Amino acid sequence: MEKLAYVAGTFDTKGEELTYLAALIRAAGVRVKTVDLSTTGAEGTAEVAAHQVAAHHPDGAKAVFTGDRGSAVGMMAEAFRHYVGAASDLGGIIGAGGTGGTALLAPAMRALPVGIPKMLISTVASGDVRPYVGPADIAMMYSVTDVQGINGISRQVLANGAHALAGMMANEVPSGTEDKPALGLTMFGVTTPCVQAVTAALQDDYDCLVFHATGVGGQSMEKLVDSDLISAVLDITTTEIADLHMGGVFSAGEGRMDAIIRAQVPYVGSVGALDMVNFGAMETVPSQYEDRKLHVHNPQVTLMRTTVEENRRMGAWIASKLNQMEGPVRFLLPMGGVSLLDLPDMPFHDPEASGALFDAIRAEFVPTANRRLTEVDADINSDQFVAALLAALAEITETKTQDRTS
């Protein structure tokens, strides 16, 4: 089936601009489908009417056309996300709008697999775009003027966006020189020696994709897992879980590890850097934590040592996630320390706190033939722990291969 460029937006208010985008993409030799996301219920000029999109909402079109613009935008965004998820002819997508139009388009774009071209021309693209882009490969272009009519500026900006999407769709990505399976790895500064050693050992066999565990890093890795672009995961550094539970700046949200549950990819995990919560400069640390053990990592980053109770809570949370994984799983506990700071004579060395984390995971973890918990009598950056990670990965990727061929 020939793939189409979806030109989507509110055709009742942005019809002129969206029609202009569609005409330019067609002129570049790419077939187009126009999709109306208007929430007023008015009939537009798009090939796919708004009520057809709205019908994809789990509660039907009636849930979308509420008469209240605020709720209708959210409901139509949900309907459009389901609409593109069911589309078999979508090869790329472009839209243009202000704050409302951006909110309509972004969730559907985020839901699409990485690699499908996504262009969003928006009045808010010069600010903080993380709420819109998230872990997805959305190209956001600032509209400069409002998306309101064709003028000397918008004509050029919209054309650039249209030609960019057409170029992405018309030109194939060059093949790599080697066809290696992609391996996702998570790293933080305090687990860098471990990840570097693992990567060096595996780079001949895997395309090693290392993600910085800064919240969006974990989300990006799991987005690639959901997109079937990562064949196995070495989740060495799960520090984003500490930020989730204690309000740090690097949380990846409650959905961390959920892509592994859904995809059932081979998974080797550990507790890297769960000894710390990340905040900004020292003056940004919340007042309730002012009496805690704090470490200035650099002028912009302050680390807080996690307590016994916090480690118990994280351990139970991690075990509950692991117990939902039905793919091959090996989870390794570095009994000698979870980071470079959790070593004897280092500022976050606290065997009682780390022990509480290990105990909670042990207590809640449900082992199966496919899911195992392993203790390694060494710290996370040691040669011994690196060897254990490599052995675990080799074991479960062999298991996965056997499962696929059986």
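Q: Buried means under 20% relative accessible area and exposed over 50%, with partly exposed in between (1.4 Å probe, protein chains only). Is His57 buried or exposed?
A: The model is predicted, so local features need pLDDT of at least 70 and side-chain atom pairs count only at pLDDT 80 or more, while totals for chains, interfaces and linings use all residues. Residues are numbered from 1 along each chain as its sequence is written, and side-chain values use heavy atoms, with hydrogens and water left out. His57 sits in the loop between helix H2 (50–54) and helix H3 (69–85), where helices (H or I, at least four residues) and strands (E, at least two) are DSSP runs numbered from the N terminus. Its relative accessibility is 8%, so His57 counts as buried.

Q: Which residues does His57 touch, not counting residues up to four places away in sequence?
A: Contact means heavy atoms within 4.5 Å. With residues up to four places away in sequence not counted, His57 touches Ala63, Val64, Met75, Glu78 and Ala79.

Q: How do H3 and H4 pack, and what is the distance between their axes?
A: Two packed helices are described by the angle between their axes and the distance between the axes. Axes are lines fitted to C-alpha atoms, for helices over the stretch in contact, and angles run from 0 to 180 degrees between N-to-C directions. For H3 and helix H4 (residues 99–111) the angle is about 25 degrees and the axes are apart by 8 Å.

Q: Which orientation class does H3 have relative to H4?
A: Angles under 35 degrees count as roughly parallel, over 145 as roughly antiparallel, 65 to 115 as roughly perpendicular and the rest as oblique. H3 and H4 pack at about 25 degrees. That angle makes the orientation of H3 to H4 roughly parallel.

Q: How many nonpolar residues are in the contact of H3 with H4?
A: Arg69, Val73, Met76, Ala77, Phe80, Arg81 and Val84 in H3 meet Gly100, Ala103, Leu104, Leu105, Pro107, Ala108 and Ala111 in H4. Ala, Val, Leu, Ile, Met, Phe, Trp, Tyr, Cys and Pro count as nonpolar, Asp, Glu, Lys and Arg as charged, and the others, Gly among them, as polar. The contact has two charged residues, one polar and, in the nonpolar class, 11.

Q: What is the handedness of the crossing of H1 and H6?
A: Helix H1 (residues 11–27) and helix H6 (residues 154–170) pack at about 45 degrees with axes 9 Å apart. That makes H1 oblique to H6. A crossing is left-handed if the near helix is turned anticlockwise from the far one by less than a right angle, and right-handed if clockwise. The crossing of H1 and H6 is right-handed.

Q: Are Asp342 and Arg305 buried or exposed?
A: Asp342 has 2% relative accessibility and counts as buried. Arg305 has 3% relative accessibility and likewise counts as buried.

Q: Which strand holds the Glu375 partner of Arg362?
A: The side chains of Glu375 and Arg362 meet in a salt bridge at 2.5 Å, N to O. Arg362 lies in helix H12, and the pair ties together parts that are 13 residues apart in sequence, because Glu375 lies in strand S14 (residues 371–376).

Q: How many residues of helix H8 are buried?
A: The buried residues of H8 are Gly217, Gly218, Ser220, Met221, Glu222, Lys223, Leu224 and Val225. They pack against H4, strand S6 (182–187), strand S7 (207–212), S8, helix H9 (240–246) and helix H10 (258–263). Helix H8 (residues 216–226) is mostly covered, and of its 11 residues the buried number is eight.

Q: How far apart are the C-alpha atoms of Ala232 and Arg305?
A: Ala232 is in strand S8 (residues 232–235), and at 1% relative accessibility Ala232 counts as buried. Ala232 and Arg305 are 73 residues apart along the chain, and their C-alpha atoms are separated by 30 Å.

Key
A salt bridge is a side-chain nitrogen of Lys or Arg within 4 Å of a carboxyl oxygen of Asp or Glu.
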